[in-house]
Every structure is written in structure tokens, then in C-alpha cells.
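Subject: Model for you, with notes on its sheet and pockets

Hello,

Here is the model I promised to pass on. Please open it beside this message and follow along.

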Amino acid sequence: KSMLLIKPKKKRRKKTKTHSHPENGEVGPKDMTMKAMVMLSGGQDSATCLAWALDKYELVETIGFSYGQRHIVELDCRQTVLSEIAKLSSKWCRRLGPDLIFPLEGVNKLSDSALLNQKNINNEPGKLPNTFIPGRNLLFLTYAAALCYERGIQTIVGGMCETDYSGYPDCRSETMKSMQISLSLGMETSFKIVTPLMHLTKSDTWKLAEKLGGNSFVDLIIE
């Protein structure tokens, strides 16, 4: 009698998932949902957002902008925030990633805002405050998204707030939703713009800061 020879089945190799973005410069977890980029100016709102992000994501990178702002002291404050916030929590220290200050030269040639020039600050009824810089947050988000693309990060965290936003149209929730769509389409990725303070009052923001880092963090912000 003839016997049938049964060939053993070859085991299929499992395909490894590849990252859709360039991997040059990527650090931290491969899961992009566990990484975030915080736009850090050095003020209360952005510092609180940094603490919020450090509490939530496994890797948090930061970006700041030098655009000839009148309150240039904030750039010094942000370095203090970065160095001191890592001392408040071992988890925060472990999660805090690279920082970049990006120069945006020429913004003062586009706007006569009181934030860019030594002029009196005023707020006329029915008009935007003269501290408004047209498109400032739109520029910030665009550059932050470009860096996120290269770093393999999908989440951008900003301190924009509708409750205490001085009427700035580029701080509204609708603007953030629109920018999220535009940046995602323009870079063929899925960005998520997260604004933890969007509907909080200034008092609520202080309470959130205290909840996140206690009195030590509040003192750091005040200093």
C-alpha cells in the first residue's frame, strides 16, 4: 500500500507593526498615545499644563517660542519650571523629555501688538485687546505639530482657555478643533490638540495646580 506523505505546515511569522512616521529622533514609548508635546511659555497656565501632562503621559517633551515678546522674562521662568518641576516627583522627573526653544523672528514686523512693543496696554469696548497678536497660537501650533511629526508624537498640549482668554479668537475651543483638523490633514497624520484649561476659571486653574503638585508646585509657579 502506498502511504501519503503529509508535509508539516510552515509557521507564519508575525508581522511587526511599523511606525508610520519618520523614526529619526524618536525617543520613549513607541505608542504615540503615551507621548505628548507641551507648549511651555513659563507662565501659570502652561506650567500647570506641563504638570497635567507629566501626570498623564509616559514621555512629555516641551517647546517654547522666542518671538520678541515683551514678557521675555517668561523664557527664563520656563527654564526654572523645567529644572524644578523634575524635583517635585520622581515620576515627573522620569517622564520629562527634551525641550526646544524655537526662534520666531519677524513676528514684531507683522503686528503692532502691545506684547511686542513698549506701549500702554488698553482694552477698548467692542474691540480685541491691543495685546492680541494675530495668528500667534496658530503659528505656535503649526511649529509644534511639525516637531511632533518628526518626534513621533500625536498629542499637543496647550494652555488655551475660553473662560479667561481676554477675547483672543485663537484661544477658543472652535479654533483648536479647526487647527486639529487642518494640521492632521496637512501632515497626513492624526494630531490631537488637548487644552486642559479650556473651560476653567483662573481660580480653578490654581486648584488644579495644587491638586497635581501640592503647595510646592504652587510655590514654584508663584516664584
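Predicted model: local features only at pLDDT ≥ 70, side-chain atom pairs only at ≥ 80, totals over all residues.

Start with the strands. Five of them form an open sheet, ordered β3-β2-β1-β4-β5, and the pairing is parallel. The edges belong to β3 (96-103) and β5 (192-194). Each has a single partner strand, so one side of each has no neighbour in the sheet. On average, neighbouring strands are turned by 25° against each other, direction ignored.

Look next at β2 and β3. They run parallel and are joined by 6 bridges. In this part of the sheet, Ser-66 stands opposite Pro-103 in β3.

Helices on the sheet

Two helices deserve a look here. α2 packs on the sheet and touches β2 and β3. Its direction makes about 175° with that of β3. α5 lies across β1 (35-39), β2, β3, β4 (155-157) and β5. Relative to β2, α5 runs at about 140°.

The largest pocket

How much space lies in the largest pocket? The figure is about 730 Å³. Its lining counts 29 residues. Nearest the centre are Ser-41, Asp-45, Arg-136, Asn-137 and Gly-159. At least two lining residues come from each of α1 (44-56), β2 (59-66), α2 (73-85) and α5 (136-151). By type, the lining splits into 13 nonpolar, 11 polar and 5 charged residues.

The second largest pocket

The second largest pocket has a volume of about 160 Å³. Gly-42, Gly-43, Gln-44 and Ala-47 are among its lining residues, as are Glu-74, Cys-77, Thr-80 and Val-81. The lining also includes Leu-220, Ile-221, Ile-222 and Glu-223. Two or more residues come from each of α1, α2 and α7 (202-222). Which element gives the largest share? That is α2, with 4 residues. The lining divides into 6 nonpolar, 4 polar and 2 charged residues.

Where to look

For a quick tour, begin at the β3 edge of the sheet. Step across to β2, its parallel neighbour. Then pick up α2, which touches both strands.

Best wishes

Notes
Residues numbered from 1 in each chain as written. Heavy atoms only, no water. 1 Å grid on protein atoms, 1.4 Å probe; cavity = no way out; pocket = protein on both sides within 12 Å on 5 of 7 lines; lining within 4 Å. Points joined across faces, edges and corners; volume = space filled by probe spheres on them. Nonpolar A, V, L, I, M, F, W, Y, C, P; charged D, E, K, R; others polar. Pairing = 2+ DSSP bridges. Axes fitted to C-alpha atoms, helices over the stretch in contact; angles between N-to-C directions. Contact = heavy atoms within 4.5 Å.
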